[in-house]
2 protein chains.
Amino acid sequence: MTDSIISALQATLPAEQVSVREDVLAAHALDQGPVTDHKMPIAVVWAQSVEDVQSVMKLAHTHSVPVVCRGAGTGVSGGAHATTGCLVLSLERMDRILEIHPEDEIARVEPGVVNADLNTAVAEYGLMYAPDPASYKISTIGGNVATNAGGLRCAKYGVTRESVLALDVVLADGTLIRTGRRSFKGVAGYDLTGLFVGSEGTLGVVVGATVRLRYLPADVQTIAAFFPEVTTAAAGVLAVGKARVQPAIMELLDGNTLVQLDAEQGSDLRQRGGALLLIQTDGFAAETEAKIVRQVLGDLGATVTAEVSEEAVRLVELRRHSRGAEMDDVFRVGEDVAVPRSQLVHYIAELERIAADHEVGLKVVAHAGDGNLHPTFWVTAGETEKIPLLNAALDESIEVGLALGGTITGEHGVGQYKVRWLPLEQREEVLELQRGIKALFDPKGLLNPGKALPERIEA
Amino acid sequence: MTDSIISALQATLPAEQVSVREDVLAAHALDQGPVTDHKMPIAVVWAQSVEDVQSVMKLAHTHSVPVVCRGAGTGVSGGAHATTGCLVLSLERMDRILEIHPEDEIARVEPGVVNADLNTAVAEYGLMYAPDPASYKISTIGGNVATNAGGLRCAKYGVTRESVLALDVVLADGTLIRTGRRSFKGVAGYDLTGLFVGSEGTLGVVVGATVRLRYLPADVQTIAAFFPEVTTAAAGVLAVGKARVQPAIMELLDGNTLVQLDAEQGSDLRQRGGALLLIQTDGFAAETEAKIVRQVLGDLGATVTAEVSEEAVRLVELRRHSRGAEMDDVFRVGEDVAVPRSQLVHYIAELERIAADHEVGLKVVAHAGDGNLHPTFWVTAGETEKIPLLNAALDESIEVGLALGGTITGEHGVGQYKVRWLPLEQREEVLELQRGIKALFDPKGLLNPGKALPERIEA
């Protein structure tokens, strides 16, 4: 079976679009998520056109070979990890911006367009593509769509789903369909567009996206507020909300995150506070809103940066890339629980307790404006005997997050790594409906098997 | 069959929750949409609890009786019209606001809560529920969810789907499920919440909704701008966009709409211009933005109201209720096409041509900020021989809207009336996927049959 589909792919596509070289397979076997089940693909295929994707899916369908789609491979839940006997279908070469229409305030792109490249292109027109995952400089719109990527400015501008108007999708059997519309509004038919967004390549292959653009803000104000402790900083998030100011960005960094930044940057952040809240207001009222924010946080005891602060701007950039070169592995796992906003303070306190109980390391950053936390738990690399402690801490952090009304994943996706936790959040009836949808779109189960949804437990 | 389910319902529910009285059946047979197939329900059932809905659905499932859900009956696409032999299941008595959580910025409501009542209740906390269909004073959240209702302030704040975080849904067989989450963000599993929103009661019965609230704006500024003609007014919409100002409301009224308002109100609007653009800016920058809008529209030749204008505020209220007591019928049909913003000017010109060609009346109002137009076409009531002209004009308005990249329905829903047009917008493969989803959720086809999706055309 393996040989026959590879021959068929090689007969269908130019040589530079199919590879079975060991090093290439290895380089495309994993995304940045934790690895629990390392498998090699049987081949890597690069699509350069919609027709290529259709050809690949038709062959995969005929030969019953699984297909794992891949953009830049920056996902952190293992959604693009290879599975047994799969093809990896890379969309990264489909990287054309097909259209920018400033009056319609939309763009049409191929899936391999890098998020930052789209933003650079539309900025010329005073527009922006709002979703801004930390990986925006390298991640693709296709990957962002697959995971319904979030980012820093979601609380104000919404996540990926709220910016996607229409999708071109190649189904499991190679059929090309178009969902959605070019207009902002539309309620014709079920929301298939929204269903594909966040489905992690398990329902179809996104080969084109029509996205809504927003206005580049006339002004941006950045505030850095140091707090004595992380709980007060979290209370600051609620206080800004109570002042009815909607910042574009509201990021919380705990003390251990500051320690790490200091080590990397030679800065003295941790000396200045036990937690940092970074806030950007934007738009025509950026200054007015920033003034209110400063007042509110100052009243809570924060040390707030001056009105124009280059440092604050630099800190936001640092925060954007605070994952750095860090890759999750068996010794270090970044999490992604989102909780209702009022639970931020309590959940962070619980995380600290959990880390202490299990004697594991912990640092926390949060897109605090929408209650989305990224705690990272770790044990010393190489100390294999500590891995059960790490996993116990992770499990407990998920259980506590759910008990507070949260979700196991705010923006990273279920992928392969979090599949085991999904039944803790969603009941079997809800999982069954999703399995039904999966079976409808992908009757042979070839699209990214083992991801996004747990297997049915047979009685 | 009819007798047996009615007996079963009467045995299960208190007497005041089941009616088979002719006048009651007649009063619940139609919503406000055009009537093409007038049918009477066999009974009207009022649910007072989730358990009631489960009982009704279990009985309907056992007896294979169709169920048409109904809120306030303010829909305008016939989505709540009775179908042959159906029960009408009214959710209007399930009208409790279950929770308002100001720190989480969410509310949990039963489906029968009236949109305006929710807004009144949350205003106390400085919050608002953003979706504001024209019917907001009488329509229910359940109905708003069923149609993914829009309204005036969607361009800035999004439609219903963007405000719904979680749903409690009773499935066709009576099973209760919960979709979504209480946190703002979350990507666990497929977006079943988004799938139920806008599905017009064809996939399940929404018995509870958790909605996101937004901040009541600190300030609101209202501008009325009279233009010599409707095309210039439409150009004004693009000019405001080009100034990168995002108003909360941007409503366009054509000359015939002004004539009608003058007749009803004794005003002189039509004398003052051939079209009116009503704009509200809101938030901390409302004044700054209003100033820019006045400048931009003045430069285009508009006569703009003074800085504080009671008249402008009153006109927005008038616009909100500009349908008045108007009910669509065979002589008068309100449409709901949405087009890409750049096509507004051109589409309005086309609508005028179509009305002239077919010798039918036309007035146009539009949620211009998101390209959503509500043209009303009419012939003189009673002139039955003119109905084919009216229908030809309607068909052509749809075809032209689609050719410009638009959709057959921006916010009203497909319901029963627009089912015939859906295949013009969506190809058979896309319709088939939706039929598959429908069959998965409702294998017996009992939930609102004949709505939202056209029947499969057998070969």
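Predicted model: local features only at pLDDT ≥ 70, side-chain atom pairs only at ≥ 80, totals over all residues.
Residues are numbered from 1 along each chain as its sequence is written, chains are lettered from A and ligands numbered from 1 in the order in which they are written, and side-chain values use heavy atoms, with hydrogens and water left out.

Contact between the chains (heavy atoms within 4.5 Å) takes 83 residues from chain B and 83 residues from chain A. Because 100% of the interface residues of chain B are also interface residues in chain A, the copies meet through the same surface. The two chains bury about 6600 Å² between them, with 62% of this on carbon and sulfur atoms; buried area is the accessible area (1.4 Å probe) lost by two parts on being put together, summed over both. Of the area that chain B buries against chain A, 16% is supplied by B:Lys185, B:Tyr190 and B:Arg244, more than by any other three residues.

Between chain B and chain A there are 8 salt bridges, each a side-chain nitrogen of Lys or Arg within 4 Å of a carboxyl oxygen of Asp or Glu. In one salt bridge, B:Glu411 pairs with A:Lys185, and the closest N and O atoms are 2.8 Å apart. Several elements of chain B each supply at least two residues of the side that touches chain A, among them helix 8 (230–242), helix 11 (286–299) and strand 9 (176–180). Helices (H or I, at least four residues) and strands (E, at least two) are DSSP runs, numbered from the N terminus. Helix 16 of chain B gives the most to this side, with 9 residues. By class, the side of chain B that touches chain A has 34 nonpolar, 30 polar and 19 charged residues.

Within chain A, the division is into domain 1 (2–90), domain 2 (97–215), domain 3 (220–320) and domain 4 (332–420), with bounds from an automatic or database domain assignment. The centres of domain 2 and domain 4 of chain A, taken over C-alpha atoms, are 29 Å apart. In this pair, 9 residues of domain 2 of chain A are in contact with 8 residues of domain 4 of chain A. About 520 Å² is buried between domain 2 and domain 4 of chain A, 44% of it on carbon and sulfur atoms.

Methods
Nonpolar A, V, L, I, M, F, W, Y, C, P; charged D, E, K, R; others polar.
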